[in-house]
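I opened a new notebook page for this chain today. Here is what I looked up, in the order I went.

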Amino acid sequence: MTKIKVLFVCLGNICRSPLAEAIFKAKIEAKGLSSVIDVDSCGTSNYHIGGMPDSRTIANALANGVTIDHRGRQLSAADLDTFDYILAMDASNHTNILRLPNAQQHTAKIRMMRAFDTEGTGGDVPDPYHGTEKGFQEVFDILNRSTEQFIGYLEQEHGITRVSAGAKAVG
Ligand code: 4NP
């Protein structure tokens, strides 16, 4: 069957969205869901195309046991056609996604990441780029909670049943 395709979006694609992608990927691998869900990330800007994630994000992720493997890329209109779930890190990203020419056909799939946070539902994942180390850990904690909850939502929404050999989606 077709895999469920998830895209995390921030501004630069070097801090928040590649971290969301890496945490989400680690979780779906641990839960045996890699055969049913695909994940990627990108930025609304062209600032860091081809670039490595921010060194502070990489270090913070590693300290939390998560490895990041991603190169920056910019969001395109084709992404809105391709992906099933497009999760914006903040309200500004959300607005910029909706500016793409085909966005009106896809509004239902464009959501806020923190709509899935068990704490502070609906707000922004704060941009840590100009902040301190504490900010990176705060972002990690928010994304760890939100991606966990989001996976639970996907499992329910798509009737995914976990089995020892992996997982399958029905419906
Ligand atoms: P991100 O953080 O959107 O979480 O990747 C930022 C990274 C770089 C810039 C802004 C935000 N920048 O202005 O270069």
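**Entry 1: Asn13.** I started in the loop between β1 and α1 (16-30), where Asn13 lies. Helices (H or I, at least four residues) and strands (E, at least two) are DSSP runs here, numbered from the N terminus. Asn13 has a positive phi of about 60 degrees, although it is not a glycine. Is Asn13 buried or exposed? I noted 0% relative accessibility for Asn13, so it counts as buried. My cut-offs are under 20% relative accessible area for buried, over 50% for exposed and partly exposed in between, with a 1.4 Å probe and protein chains only.

**Entry 2: ground rules.** This is a predicted model, so to speak for the record: local features need pLDDT of at least 70, side-chain atom pairs count only at pLDDT 80 or more, and totals for chains, interfaces and linings use all residues. Residues are numbered from 1 along each chain as its sequence is written, and side-chain values use heavy atoms, with hydrogens and water left out.

**Entry 3: confidence.** I looked up pLDDT, the predictor's confidence in each residue, from 0 to 100. The chain has a mean of 95, and 94% of its residues reach 70 or more.

**Entry 4: layout.** How many helices and strands does the chain have? I found five helices and six strands. Read from the N terminus, their order is β-α-β-α-α-β-α-β-α-β-β.

**Entry 5: overall dimensions.** The C-alpha trace spans about 45 × 40 × 30 Å along its principal axes. Of the 171 residues, 49% count as buried.

**Entry 6: Asn60.** My next stop was helix α2 (residues 55-63), which holds Asn60. Asn60 is buried, with a relative accessible area of 4%. Which residues is Asn60 in contact with, leaving aside its neighbours within four places in sequence? They are Glu133, Phe136, Gln137 and Phe140, where contact means heavy atoms within 4.5 Å.

**Entry 7: contacts along the chain.** I also checked the contacts with a separation of 6 or more: residues 24 or more positions apart account for 72% of them.
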